[in-house]
Amino acid sequence: MMKITKKVVVGRRDKADIEISLNPLKKNDIGVKLESSVERLFGNHIRNYIKEYLLGLGITSCQVIAIDDGALDFVIKSRIESALYKSNSALLEKFSFGKREKRERTVDFRRTRLYLPGNNPYFMEGGGLFGADVIILDLEDAVSQKEKTDARFLVRNALCNLDLGDAEVIVRINPFSNGGEDDVKTVLPGLPDAIMLPKTNGAEDVLRLDRLLEETEDENNITVGVTKLFPLIESAEGVVNAYEIAKASKRNVMLTFGAEDFTADIGVKKSKEGKELFFAKEHIVLAAKAVEIQASDTVYSDFEDIEGLIKDTEISKSIGFDGRGVIHPLQIEHIHNVYKPTKEEIEYAEKVVAALEEAEKRGSGVASLGRKMIDAPVAKRARKVLKLARQYRSK
Amino acid sequence: MEFIENILGRLIPVKIEGRKLRPFQGAFADDGGGRKRVTPPIPVSKPGQNKLCSLREAIEKSGLKDGMTISFHHHLRDGDYVVNMVVDEISRIGIKDITLAPSALFPCHKPLIEHIKNGVITKIEGSMNGPVGEHVSYGGLPKVAVLRTHGGRARAIEDGDLHIDVAFLAASSADDYGNANGVDGASAFGPMAYGYADAMFADSVVIITDNLVPYPCAPYSIPATHVDYVVVVDRIGDPERIVSGTTRITRSPTRLLIAKYAAQFIKESGYMKEGFSFQTGAGGISLAVTKMLGEIMEEEGIRASFINGGLSTFAVNLFKKGLVAALYDGQVFDRGVIESFRNDIKHVETPMTMYANYHSKGCLVNRLDVGFLGATEVDVDFNVNCNTHSDGLLLHGIGGHTDVAAGCGLTLITIPSYRKRIPVVRERVTTVTTPGETIDAIVTERGIAINPQRKDLIERMKGSNLPIVTIEELKDKVEKITGKPEPPRVKDRIIALIEYRDGTIIDVVKEVEK
C-alpha cells in the first residue's frame, strides 16, 4: 500500500518518448490522464498499461499525467519506474524486468563501437540496424545530469526488451564519483555483455569496478566473471598507466581511447590530423597487445566528412587498433570497409593455413610456404584474416 | 444499401448516389467495355476575340451554375493561391453545390473547409489530403468523394466519367490568347502535365496567370486552341512553397538504410541493366534511392534510357552526367529541375494521359522497369494503403502510386517498418489503394519481403546478403516491437470511393468517429 506524496515529472515530450508526471491524489484511486499522438490506436492500451503496472507495485493512490508521442511499452515502463524511484528509491527491488536471454556471443572483432545516448529511446530503437560490432548504451557524456536516473532505467529496460541484433551490448557507466555504482547495480540485472568504465586513470579504478561487478553478479545470480570490461582511457594519467590498467582484470577485453577529454587534459586543441594523439594511441595499442586484448581508437567526430573518416581509420588500423568509436550509424560501413581484408591478404592467408594443415597431416611441427618457414605470429595473423573474411561474407 | 464483394474481398455498394459501381476485378481485367469516348462541344475561332477578363467575368461568362464541376491542377503545390481564390469568388457570386475536381490538394487549401461547411462545395473528385481530408473523414462533405490515381483522373476525364464544366488552370506565364506555360515568370513551376486533360476536355477553360506576356507565349504547355478566357492576377502562388530552392536528402539513418537496401535490391534483381528505366518521387527515401542508384550506375557503367517523375535535382544530375538519356517530367520538386526542363529538349513534359491512362493506346508506366513507392500500410497480401492512416483518417491522395505499380517490371514499397509505434505491415490494410498483385517487394529497415507470386525474384535473391524474410515474419517482427493497434472506429456511412485506374472500385472509406 503506497501513496504518491509529491509531484515527480520524468521523460521528454519527444518522438518515441513519453513524459510522465505522478501527482498526489486525495482519494484511493489511480487516475491516468493521457495525451497521445497515437490515442486512437494505442490510447486504451497505454492507460491500462500504466494503471496495471502501478497497481502491481502496490500503489493505491496517484494521478498520472502522461504526454506521449509513440513511446513503446518498455519506454513507458522505464519512465514510470524512474518516477517511482524518485519518489521512493526502496521500490527498486519491486520493479520487474523480463531477464534478457544471455546469448552465446562470440565477438571476435570489434571494429565499431556505436554510442547511443542513454536517454533517447528514438535513437535506441534503431540502434541495432546498422551492423555495429559493439553497441554502447551511454549513461555518461550523452546524458545531462538531471536525466541520469531516467537514463538508468531506460537503459536497464532496453537491455531486457530491445532487440539490438548480433551486436555486443555494453553500458558506459558514470565515474564512481558521479553515480557509477548505482549505474552498475541498476543495469546489471539486464545482463549487459560488458561495462565501459570512463576516465580510467589506473589499475585501482579497474579493480574497484571488478569487485563491484563480482558483488552485483553474485547478488543477481549471474555467473561471476561473465560481465566483460572496457576501460576507457582519456587522461594523461590513464595513458601512462595503460599497461597496468590492461592487466588489472581478467574481464578486460579491449582498451579504448577517448581523445576529447585527453586533449583537454594535456592542454592542447584536437587537430584534424591528430598529431598530438599519436604517442598516446601507440602507447595504448602496445599496452593492450602486451596482455593480448584488443585496442579501440577514439571516435571521428566530423560525421559528414566520410573521406576524412576513411583516411583516419586507415591510419588507426595501420598502427594496430582493432576498431574505433562511432558517433553516427553512417560511419559504420566505411570503417568496416577499411578493416575488410583484401583479396591478396585472403589468398595469402589461405595458402598459409593450407600449409599449416598440410604440415599437421604429415605430423611435422614445421610448416613452410615456399622457402619461408611459417612462424607462430604469421599463422595467427592468417587465421585472423580468414575469420574476419568469413564475417564479411556472412553479413 | 446492397453490397458486392470485389476480388480483394472488399465490400462495394452496388449503387451509390445514382452511380452504378463496378467492383475491382484485377489489375488488367477491364477491357474498356467497347464504350465510345465523349467529346466536348465544337468551338469556333473568329478573328478579334478578346479573352482577357477578370476572374468574376470569366466565371460568369463560362456559365458556371449550381451543381457544376470545376477543376484545377496542383503544380503550385503547397504554395497555391488559385484554388482558394476561385472558390472564394464563386462563393461571393453565390453559386453553390459545386463539385471540386483538383488533381491534388495541399495543407494550404485548408480554407476550403469553410466553403464545404457553407454549401459551396458539396463533392470532391480526384484527390484530397491533409486538413480537407480530415474534415471529409469526419463526415463533413455532403456527397461521397471519389479518389483517383493520376492516370485514373485523366481516364475519367477522357472517358466522360468526370465531366468538367470549367477548368481553372494556373500558368506562370501566358499571353492574351491563352497560350500558357509553367516555366517563365516569378511563379515558375515546370510542366503543366496535370492540367492537360482538363484543358482538352473541359467545356470551358480559364487560364489564370500573374505574368502576362506579349503574344506569343513560347514555349507553351497549354495551347490557345483550348482556352476560353485569360485572367491576370497579382500572384498565383508563393514561389517559396511552389518548389523548394534545393532538395535535401533524408538524414535519418533508418531511412537511408531502407534506401540502401532498395538500391542494392534493384541492382541484384537483374532489372538494373543498360537502358533500364525508373520512376522517382519526392519522398525522402525515394530521393535517397535515386541518388544511390546513380552511384551504382556510375560505378558499374550502366546507363538508363529514361527517368519518369516527380523530378528532383538528383534525377537531373544523372541526366546531365549522361547516365540517363531522357527525362519524362510530370512535376517538379526544386528549381534546378525547371532550368533543365526549359533548356533541354530531351527533358520532356508528360501529360497524365501519356503517363498513366489505362484507357489509352500506350502509357509510359508500361515501359518502366523499376519503381520505388511509399505507403501508409501494407498487408500480408501485399495490398498497399496510401490513402488512410491506421486510424481510418483519409489524409493522402493516391498520386501515381497505383499506375506505376501496375506498369513497372519491379515495384518496391520502401517504408519504415513502423512510425510512432504504429506498425506498417498489417494483417489487412485499412484501405486498399493499390492491389498486391502489382507489388513485388516491401523494403523496410527490418527486412525485405518478396511477393510469393514472384517466384523468379525469390529464386534470384537467394544467397543475397540482404535481409530477405517472408511478409508474415516481417509482420510478426514489427508487431513484437509495437504491439497491435486497435482497429479504426468507423461508422457505416461511406465518405469516399477509392477508384482503381480502370474505373472500378477497389475500396471504400468510411466516416470516422470523432
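1. Domain bounds here come from an automatic or database domain assignment. The model is predicted: local features need pLDDT of at least 70, side-chain atom pairs count only at pLDDT 80 or more, and totals for chains, interfaces and linings use all residues. Residues are numbered from 1 along each chain as its sequence is written, while chains are lettered from A and ligands numbered from 1 in the order in which they are written.

2. Domains of chain B. The assignment gives domain 1 (3-28 + 55-242) and domain 2 (253-483). Their C-alpha centres are 27 Å apart. Domain 1 of chain B puts 33 residues into the contact and domain 2 of chain B puts in 38 residues; two residues are in contact if their C-beta atoms, placed from the backbone, lie within 7 Å.

3. The domain 1 side of that contact. Two or more residues each come from α4 (130-137), α5 (150-159) and α6 (196-201) of chain B. Helices (H or I, at least four residues) and strands (E, at least two) are DSSP runs, numbered from the N terminus. The largest share, seven residues, belongs to α5(B). By class, this side of domain 1 of chain B has 15 nonpolar, 11 polar and seven charged residues. Ala, Val, Leu, Ile, Met, Phe, Trp, Tyr, Cys and Pro count as nonpolar, Asp, Glu, Lys and Arg as charged, and the others, Gly among them, as polar.

4. Overall form of chain B. The chain has 15 helices and 29 strands. Its radius of gyration is 22 Å, close to the 24 Å from the globule rule for 514 residues, so chain B is as compact as a globular protein of that length. The radius is taken over C-alpha atoms, and the rule is 2.2 Å times the number of residues to the power 0.38. Along the principal axes, the C-alpha atoms fill a box of roughly 70 × 55 × 45 Å.

5. The interface between chains. Chain B brings 17 residues into contact with 18 residues of chain A. On the chain B side, α8 (253-269) and α15 (471-482) each supply at least two residues, and α8(B) gives the most, with four residues. This side of chain B has six nonpolar, five polar and six charged residues.

6. Helix α15(B). Its 12 residues should span 16 Å at 1.5 Å a residue, which agrees with end C-alpha atoms 16 Å apart; the expected span is 1.5 Å times one less than the number of residues. B:Ile471, B:Leu474, B:Lys475, B:Val478 and B:Thr482 are buried. They cover an arc of only 100° around the axis, which puts them on the same side of α15(B); the arc is that of the directions from the helix axis to the C-beta atoms. B:Glu472, B:Asp476 and B:Lys480, on the other side, are exposed. The elements packed against the buried residues of α15(B) include β25 (441-444) and β26 (447-450) of chain B. Just after the helix, B:Gly483 has a positive phi of about 85°.

7. Helix α12 (residues 330-339) of chain A. A:Gln331, A:Ile335, A:His336 and A:Tyr339 are buried. Down the axis of α12(A), the buried residues fall within an arc of 130°, so they line one face of the helix. Their cover includes β6 (112-117), α11 (306-318) and β13 (323-326) of chain A.

Methods. A residue is buried if 20 or more other C-beta atoms lie within 10 Å of its own, exposed if 12 or fewer, and partly exposed in between; C-beta atoms are placed from the backbone.
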